[in-house]
Structure formats: C-alpha cells, structure tokens
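My entries follow, in the order I made them.

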Amino acid sequence: MPVAASAIYFLNLRGDVLINRLYRDDVGGNMVDAFRMHIMQTKEMGTCPVRQIGGCSFFYMRISNVYIVIVVSSNANVACAFKFVVEAVALFKSYFGGAFDEDAIRNNFVLIYELLDEIMDFGYPQNLSPEILKLYITQEGVRSPFSSKQPLERAVPNATLQVTGAVGWRREGLVYKKNEVFLDIVESVNLLMSSKGSVLRCDVTGKILMKCFLSGMPDLKLGLNDKIGLEKESEMKSRPIKSGKTIELDDVTFHQCVNLTRFNTEKTVSFVPPDGEFELMKYRITEGVNLPFRVLPTIKELGRTRMEVNVKVKSVFGAKIFALGVVVKVPVPKQTAKTSFQVTSGKAKYNASIDSIVWKIRKFPGQTEATMSAEVELISTMVEKKSATRPPIQMEFQVPMFTASGLRVRFLKVWEKSGYNTVEWVRYITRAGSYEIRC
C-alpha cells in the first residue's frame with residue numbers, strides 16, 4: 001500500500017513550522033501541535049521514528065536542523081514513507097546546491113511549495129527524479145554561499161515525453177567523444193569458520209556498479225553465468241548448456257532502468273542506462289562459495305602467565321592473483337603485558353586499544369600460505385581465571401579480479417541506432433564483509 005499521506009510538515013529544532021502542505025482533509029491543521037507536545041517536548045525524538053497519537057501515525061526524520069514529519073491517518077507503508085523523505089531531500093539539495101537546512105527552506109519556500117505539489121498528489125508519491133523535474137520546474141533555488149556554483153541544467157524540449165515515457169532516468173542529446181562503459185562486480189564475503197577449518201556460516205553479498213559515458217539513447221544487454229539465465233538461453237536456442245560453472249543468484253534487486261518484462265521472459269538483463277555512475281543490481285549467494293582464505297589458528301595456554309599463538313593463513317584463489325591489504329586480528333586477553341612475534345610475511349604488532357595482535361600483509365599471492373607465531377606474556381592476577389569463550393579472529397582483505405560467488409560477465413552488448421563503437425571495461429573485486437574464525 002502506498003503512503004497516502006494526509007500532511008507533511010517541515011519543523012525546526014524548536015518545533016516551529018517552516019513549511020507544511022495538507023493533501024487530505026482527514027486530519028486537522030493542529031496535528032503538528034500534538035507532535036510537538038507528545039514527542040518533541042517529552043524528549044523522545046530518538047526512541048522510535050514512528051509514533052501513533054490520536055488515531056494518526058507520525059513518521060519523522062531529522063535532516064540537519066530540520067524535522068520532516070509525515071502524518072498518516074490510515075495503515076500505510078512506512079518504508080515507502082521514509083524512502084519518499086530521502087528522495088525528496090535529495091531533490092531539494094539538487095535545487096539548493098547541496099544544502100538542506102532551516103536557512104535553505106526559508107530562502108526557497110516558494111520553490112519548495114511548487115515541488116511539493118509535483119512530487120505528491122493527494123498523498124501519493126509521484127516522480128522525484130531531479131533530472132526530470134528540472135525539465136519543467138526551471139526556477140533556480142537560492143543557494144548557500146558554501147554550495148557549488150554550477151547552474152542548473154538547461155531544459156530540453158521534449159520534457160513531457162520524458163516524464164511520461166519509459167526512459168525518465170536519462171535525457172536525450174548526450175554526446176561523448178569516446179563511448180565507454182565501466183562495469184564493476186563488487187562482492188563481500190561473510191564467513192564464520194570453526195578453529196578446525198569447517199565452515200559454520202557463509203554467504204556472499206554482491207552488487208554490479210556501472211559507469212556509462214555513452215552518446216544518444218543506447219540499449220544494453222548484460223549476460224551473466226547464472227543458472228536460470230543460461231537454461232533459458234539454451235531453451236530458446238535449442239542448444240545444450242556449454243560446460244562451465246553456473247551459479248544461482250538469490251534476492252536479486254534491479255535498478256529501475258532494467259526491463260523486468262524482458263528479464264522475466266528471457267532472463268536477460270536489458271536496460272537503457274542512466275548517464276554516469278549507478279548501481280545496476282544487487283544479489284546474494286548462499287551455495288557454492290569460493291573462499292579466498294582459510295585460517296587455521298592454534299592457541300595454547302602455558303600456565304597462568306603465558307600463551308602461545310600460531311596462525312596459518314592459506315590463499316585459495318589462483319596463483320596469478322594477489323590479495324591486497326590483508327589484515328588478521330587475533331584477540332588476546334586484556335591483561336597482556338608483553339608480546340613477541342615471528343612472521344613469514346608482513347608485519348605484526350600488539351594493539352592494546354583493541355586487545356589484539358594485528359598482522360598486516362600488504363600483498364598476498366594466491367596458492368601460498370603465511371604463518372605467524374607469537375608468545376604472549378600476561379600479568380599475574382590473584383583472581384581465579386574463568387573459562388570464557390574467546391572472541392573470533394577477524395580478517396580484512398581485498399582480492400581484485402576474483403569473485404567468491406564465481407559470477408562472471410559472459411557478454412555486454414551495446415546497441416545504438418547511430419552504430420558507434422564502444423569500449424567496455426569489466427573489473428571484479430572481492431572484499432571481506434564479516435570474515436571471522438573461531439579460536
């Protein structure tokens with residue numbers, strides 16, 4: 001269910017109304033007094049962003065020194081309401097030169113009223129794209145002296161077509177001397193591994209980032225090695241699937257530019273891209289994850305005042321690939337007094353602020369292993385030592401040209417009626433999300 005907002009208020013930190021707009025007659029104009037009395041004056045602004053007072057729901061968010069409050073009298077979609085607020089603030093910032101605060105609202109109240117009438121109709125959100133709204137609301141906002149001085153983009157003639165058409169995120173008439181497409185597949189590995197090397201929990205979250213500098217109105221088609229897409233392609237072409245790894249994507253979400261109808265029927269990612277940088281899609285992988293590292297720790301307690309720590313790290317990715325910025329954090333007791341190290345690669349030191357031994361390796365080749373041996377001396381205490389679960393070892397790393405999910409770009413086709421040549425660049429990056437190994 002959409003927002004169906006009855007009213008929207010912009011308040012300063014004292015609770016004074018800067019601007020408001022009533023979209024429905026099912027709430028009174030004094031509802032902001034109830035918000036000020038029951039929430040602002042009771043100092044409960046940080047407890048919960050959704051409150052119910054007198055049969056109405058209040059959704060509020062603080063941006064800089066301004067509170068934006070949406071009043072709803074029926075059961076509405078809270079996530080949609082907050083998404084509307086975030087998009088509206090981004091729209092206002094694009095008109096005000098990047099600033100959104102009490103002074104910007106006071107200096108631009110006429111423009112804000114005009115925008116509020118366009119972005120919400122009878123309480124239902126409408127188009128909030130700055131690129132589209134600037135085509136027919138060409139008034140420039142009063143800019144802060146600290147904001148950028150770049151003027152608003154010049155309006156193009158076919159604004160109505162772009163607002164009502166299917167390509168509202170891209171304006172026509174773009175021309176580039178060199179037509180290029182940059183595609184990055186960025187993945188984060190989340191892992192919990194036992195001290196013996198068995199995987200307890202593992203998944204990969206990924207996103208495909210694109211940066212397009214293309215002339216005209218191009219149509220792009222992206223092919224991945226996902227199982228469903230390859231099965232659909234072989235079915236349409238009456239050919240068996242070629243040998244090679246296929247993966248199953250979970251929880252896939254797309255940018256609004258992707259043609260979902262074509263994706264549902266053909267299982268191909270087809271789209272007319274926005275100009276510049278954007279996030280094409282997000283996904284998650286839970287099966288068949290290729291772990292970049294395996295960590296085997298051994299910790300021995302030698303009496304009450306000494307410990308021996310041995311950590312072996314093995315890189316599982318290809319020999320021609322290098323991991324960068326590898327950091328291994330091995331937790332030690334708080335009463336650590338002295339440490340000594342021996343490492344086969346990199347440098348190690350004791351960091352008392354986080355009670356850990358921090359082992360850093362700047363460049364870690366694939367199909368190799370590195371070890372660290374440390375002796376830890378503890379302060380002797382009279383208190384009986386309690387057996388407690390040690391915090392896990394944590395890893396940080398970045399592996400270029402490697403994907404833990406095995407996702408690969410099979411093809412990236414660009415078609416434009418003028419038939420120009422394009423240059424495509426594809427890059428893979430795998431990072432550590434929550435990479436933990438129990439001691």
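**Entry 1: Ser 64**

I started with Ser 64, which counts as partly exposed at 43% relative accessibility; buried means under 20% relative accessible area, exposed over 50%, and partly exposed in between, with a 1.4 Å probe and protein chains only. Ser 64 sits in the loop between strand 4 (56–63) and strand 5 (66–72). I noted that its phi is near 60°, a positive value in a residue other than glycine. Helices (H or I, at least four residues) and strands (E, at least two) are DSSP runs, numbered from the N terminus.

**Entry 2: Ground rules**

The model is predicted, with local features needing pLDDT of at least 70 and side-chain atom pairs counting only at pLDDT 80 or more, while totals for chains, interfaces and linings use all residues. Residues are numbered from 1 along each chain as its sequence is written, and side-chain values use heavy atoms, with hydrogens and water left out.

**Entry 3: Whole protein**

I looked up the totals next. The protein has 8 helices and 23 strands. Of its 439 residues, 43% count as buried. It exposes about 23,500 Å², and carbon and sulfur atoms supply 51% of that area; the areas come from the Shrake-Rupley method with a 1.4 Å probe, and for residues only the protein chains shown count as cover. For contacts, meaning heavy atoms within 4.5 Å, I took pairs of residues at least 6 apart in sequence: 70% of these join residues at least 24 apart.

I traced an open sheet of 9 strands, in the order 11-13-9-8-23-21-16-19-18, with mixed pairing. Two strands pair if DSSP finds at least two bridges between them. Which strands stand at the edges? They are strand 11 (250–254) and strand 18 (347–351); each has a single partner strand, so one side of each is left without a neighbour in the sheet. Neighbouring strands of this sheet are turned by 15° against each other on average, direction ignored; the axes are lines fitted to C-alpha atoms, for helices over the stretch in contact, and angles run from 0 to 180 degrees between N-to-C directions.

Within this order I checked strand 8 (residues 180–193) and strand 23 (residues 423–437), which run parallel and are joined by 13 bridges. Glu 180 has Val 423 of strand 23 as its bridge partner. Asp 251 is not a glycine, yet has a positive phi of about 50°.

**Entry 4: A hairpin**

Strand 14 (residues 293–301) and strand 15 (residues 306–315) run antiparallel, with 9 bridges between them. I found Phe 293 opposite Ser 315 in strand 15. The two strands form a hairpin with 4 residues between them, and Gly 303 in the turn has a positive phi of about 80°.

**Entry 5: Thr 403**

Is Thr 403 buried or exposed? Thr 403 is buried, at 2% relative accessible area, and lies in the loop between strand 21 (393–400) and strand 22 (409–415). A polar atom of its side chain lies 3.2 Å from the backbone oxygen of Leu 407. The side chains of Thr 403 and Arg 408 are joined by a polar contact of 2.8 Å. I use that term for a pair of N or O atoms within 3.5 Å; within protein, one must be able to donate a hydrogen and the other to accept it, and residues adjacent in sequence count only if both atoms are side-chain atoms. Leaving aside neighbours within four places in sequence, I listed contacts of Thr 403 including Ile 185, Glu 187, Tyr 428 and Thr 430.

**Entry 6: Cysteines**

How many disulfides are there? The count is 0, a disulfide being a pair of cysteine sulfur atoms within 2.5 Å. Cys 257 is in no disulfide, and the nearest cysteine sulfur, that of Cys 212, is 8.4 Å away. Cys 257 is buried at 4% relative accessible area. Cys 202 also counts as buried, at 19% relative accessibility.

**Entry 7: Asp 219**

Asp 219 is in strand 10 (residues 219–224) and counts as partly exposed at 28% relative accessibility. Its C-alpha atom is separated by 7.2 Å from that of Ser 270, 51 residues apart along the chain. Not counting residues up to four places away in sequence, Asp 219 touches Arg 262, Phe 271, Lys 413, Val 414 and Trp 415.
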